[in-house]
Amino acid sequence: MSTRSAPPVPGAPSPAGHPDEGLWIRRYRPVRDPELRLVCFPHAGGAATSFVSLARGLDETVEALAVQYPGRQDRRHEPFIPSISSLVDQVVPEILRWADRPLALFGHSMGATVAYEVARRLRGTGQASPVHLLVSGRRAPTVRRRDVAHLLDDDALIAEIATLQGTDDAVLRDEELLRLALPAIRNDYRAAGTYAYVPGGALDCPVTVLTGDRDPNVPLEEARAWRELTTGPFALHSFPGGHFYLNDRMDEVCRTIGHALAGTTTADTTTGPVPTHPATDTGPVPTHPATDTTTGPVASRRAPAPPAAVRGRADAARPGDPVDTARRVLVSARTPDSPVTPFDGISGWLAERLRAGRFDVSRIPFAELRGWSFHPGTGNLHHASGRFFSVEGLHVRTDRLPERGWTQPIIVQPEVGLLGIVAREIDGVLHFLMQAKMEPGNVNVLQVSPTVQATRSNFTGVHRGRDIRYLDLFMGPRRARVLVDSIQSEQADWFLAKRNRNMIVELAADDDLDIGEDFRWLTLGQIRRLLMLDNVVNMDARSILACLPTADADTSAPSPVLRSFFGAPGEARHGMAEVLTWFTGVRALRELVQNRVPLDAVTADGWYRTPHEIAHESGRHFRVMAAEVSASSREVTSWTQPLIEPQVPGLMALLVKSVDGVLHALVQARVDVGHLNVAELAPTVQCRPEEHTGPQGLPRPPYLEHVLSAPAEDVRYDAVQSEEGGRFFHARNRYVIVEVPPDFPEDAPEDFAWLSFAQLTGLLAHGNYLNIELRTLVACAHTLY
């Protein structure tokens with residue numbers, strides 16, 4: 001098993017003995033000399049006894065420790081613990097008493113959240129960092145929904161419990177049993193519902209997720225979001241069944257957990273790459289020996305020594321120190337030209353690469369799409385392979401839409417792609433390897449792009465194209481140091497919960513990489529200059545570069561914008577804890593209910609389909625079109641696909657103001673139809689102005705007039721930038737940064753807040769905080785100094 005030896009813990013038992021189980025721990029199958037202990041946390045209203053079958057079904061070298069919460073069964077006379085954090089406070093010291101062996105953690109439903117917070121706490125103690133986290137039947141803590149089940153009356157709460165199909169009908173009909181059980185259930189629902197994730201360091205142990213494929217509370221994409229919370233291997237297993245699938249499939253669950261603890265699971269195929277190996281989707285572990293996924297003897301539980309080549313790369317594989325990286329980012333940003341690639345030669349390079357490759361895009365009828373078709377039952381536009389993406393219908397209700405909600409077409413692409421830039425110090429200055437890449441939707445065909453830009457379908461070979469150059473630097477054992485690694489969202493207007501892994505990896509200065517004609521090394525200062533031009537740096541490159549750490553690089557920076565980016569985050573108007581509390585409150589109180597519906601159903605809201613397009617009768621919003629693409633320089637040289645084409649360009653504007661010598665940006669917590677987690681931080685103004693004019697126009701958003709009427713001398717940045725060219729056709733937005741005068745009021749509507757750029761880049765170390773439009777403006781704001 002890939003485990004680390006646990007350090008001695010004061011007060012822990014000797015290998016030959018056990019501490020008293022006490023009130024908190026139950027052992028339903030004691031093991032005299034276990035190689036590993038698995039600590040199990042029950043669901044809301046549950047008890048330690050829910051793990052009896054699991055304890056008896058595990059490998060004989062694993063000892064299960066089932067946690068018994070207060071307020072139930074033999075602890076029913078003890079007071080309930082009202083919050084997850086208080087529960088963790090009390091249970092961690094009890095768990096440490098058993099830490100003479102490596103500890104793994106397993107939790108179901110609410111217990112998964114408890115297990116995660118216990119893992120963070122144990123890792124923080126430095127005494128018994130867990131060797132594996134296994135979670136079941138629970139969305140990732142980063143996925144925030146408003147849970148109010150604990151506020152329901154008894155009848156409604158019982159109905160809620162019944163939908164999960166985990167409680168015997170006889171119990172639900174027995175008033176006396178319910179009277180005994182409901183207080184514990186209500187307390188635990190309250191603890192789970194009021195839990196708020198606080199960003200912090202990612203775990204470094206493997207994370208394995210188990211879920212039922214019909215669980216009404218855990219959509220697959222919300223289970224996949226656990227991937228963001230570890231830098232270690234990730235695996236996801238989907239079982240037939242609902243929220244309590246494991247009651248009917250305990251043998252399969254035990255085998256899956258056993259294989260996970262033996263270090264033999266593989267990872268989820270439908271999300272992004274994991275750090276240690278290419279990932280594959282897994283269901284329940286098969287029993288047939290010909291298809292068993294184990295790769296070595298299960299009984300061998302010690303981690304093998306890494307190969308010499310991997311050991312030699314250990315220093316390079318460690319994440320870069322954020323402050324050191326920020327200082328080097330500042331040096332690179334202040335280097336406007338480089339002899340490696342002189343700036344005056346960049347336009348000629350781009351023009352030469354455009355001439356060197358043939359790239360033709362033409363509109364075609366839907367009937368001429370190859371491999372794509374409208375499903376006869378739903379009208380959904382999908383590919384015959386079942387991969388790539390689909391165009392479906394989405395019905396959305398929010399607290400700020402009419403009660404009946406809104407229906408529209410949406411791109412559904414659940415896989416997580418990889419966007420990566422290779423960095424390297426040349427003559428002491430950080431350079432970034434940028435690619436001249438053609439995309440079918442780009443208004444000017446070719447733009448400066450990341451080193452690697454690939455969907456999972458690309459790098460798993462579904463498209464049957466050429467191998468992707470430099471992909472190995474981001475996947476598998478690395479020879480490069482990780483500077484940036486976070487999963488970020490894409491346009492929530494047109495994508496449903498679409499995310500990409502954004503990475504920057506740094507090669508050693510003496511690691512000479514062979515590059516082709518499509519690639520050039522550029523400093524951040526050179527990229528800053530390109531960002532001042534229209535449609536040169538593509539959206540994916542802007543997204544990744546926005547994630548570069550900047551805080552604390554120069555705490556004595558002289559100008560407000562440099563202090564905002566490279567100074568101390570503590571100089572900001574609001575502390576980060578205050579910002580997170582505000583933003584979490586918005587996510588908790590705003591409503592976003594998404595339901596995928598047949599594409600044919602969008603006609604109810606004025607959408608129509610012709611042989612050539614899907615569009616809205618108002619002439620607004622966007623249309624879905626079909627395109628034929630021929631591209632000599634791409635991994636695949638010819639294909640057809642649907643594309644989203646916006647009807648009018650958008651305006652993405654950021655108001656900035658110097659507050660106490662630090663430039664602050666006014667951002668909004670915005671709810672969009674495709675968001676994974678209700679709201680993300682967005683520009684001050686994000687709209688398509690033409691849709692807010694005329695008698696049928698939408699209400700004008702706050703601050704739009706301030707942007708449109710801003711004096712020219714107050715406009716600090718103004719350029720047109722293309723959006724994602726792989727799924728959108730000629731999607732362009734005007735990006736503007738306006739500096740408001742000193743007397744501009746700092747009081748703002750409840751959905752708005754003033755943040756420094758160091759705070760924004762700090763949040764970008766985590767996923768689903770800044771939307772793609774705000775990330776573009778953060779990247780473009782580097783042009784201000």
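Which residue forms a salt bridge with R424, and how far apart are the closest N and O atoms? I began with this pair and found that the partner is D512, with the closest N and O atoms 3.8 Å apart; a salt bridge here is a side-chain nitrogen of Lys or Arg within 4 Å of a carboxyl oxygen of Asp or Glu.

I note that this is a predicted model, in which local features need pLDDT of at least 70 and side-chain atom pairs count only at pLDDT 80 or more, while totals for chains, interfaces and linings use all residues. Residues are numbered from 1 along each chain as its sequence is written, and side-chain values use heavy atoms, with hydrogens and water left out.

**Salt bridges**

I placed R424 in strand 13 (residues 417–426) and D512 in the loop between strand 18 (499–507) and strand 19 (519–523), 88 residues apart; strands are DSSP runs of E with at least two residues, helices are runs of H or I with at least four, and both are numbered from the N terminus. R424 is buried at 13% relative accessible area, whereas D512 is exposed at 62%, where buried means under 20%, exposed over 50% and partly exposed in between, with a 1.4 Å probe and protein chains only.

I then looked up D514, whose side chain meets that of R469 in a salt bridge of 3.8 Å, N to O. D514 is exposed, with a relative accessible area of 59%, and R469 is partly exposed, at 38%.

For R590 and D751 I found a salt bridge of 3.4 Å, N to O, and both residues are buried. R590 lies in the loop between helix 17 (576–589) and strand 20 (592–597), and D751 in the loop between strand 30 (732–739) and strand 31 (752–756), so the pair ties together parts that are 161 residues apart in sequence. In the whole structure I read a total of 46 salt bridges.

**E680**

I found E680 in strand 27 (residues 679–682). E680 is buried yet has no salt bridge, and R775, the nearest side chain of opposite charge, is 5.0 Å away; for this, Lys and Arg count as positive and Asp and Glu as negative, with His and the chain ends not counted.

**Helix 14**

How many of the eight residues of helix 14 (residues 524–531) are buried? I noted that seven are, so helix 14 is largely enclosed by the rest of the structure. Among the buried residues are L524, G525 and Q526.
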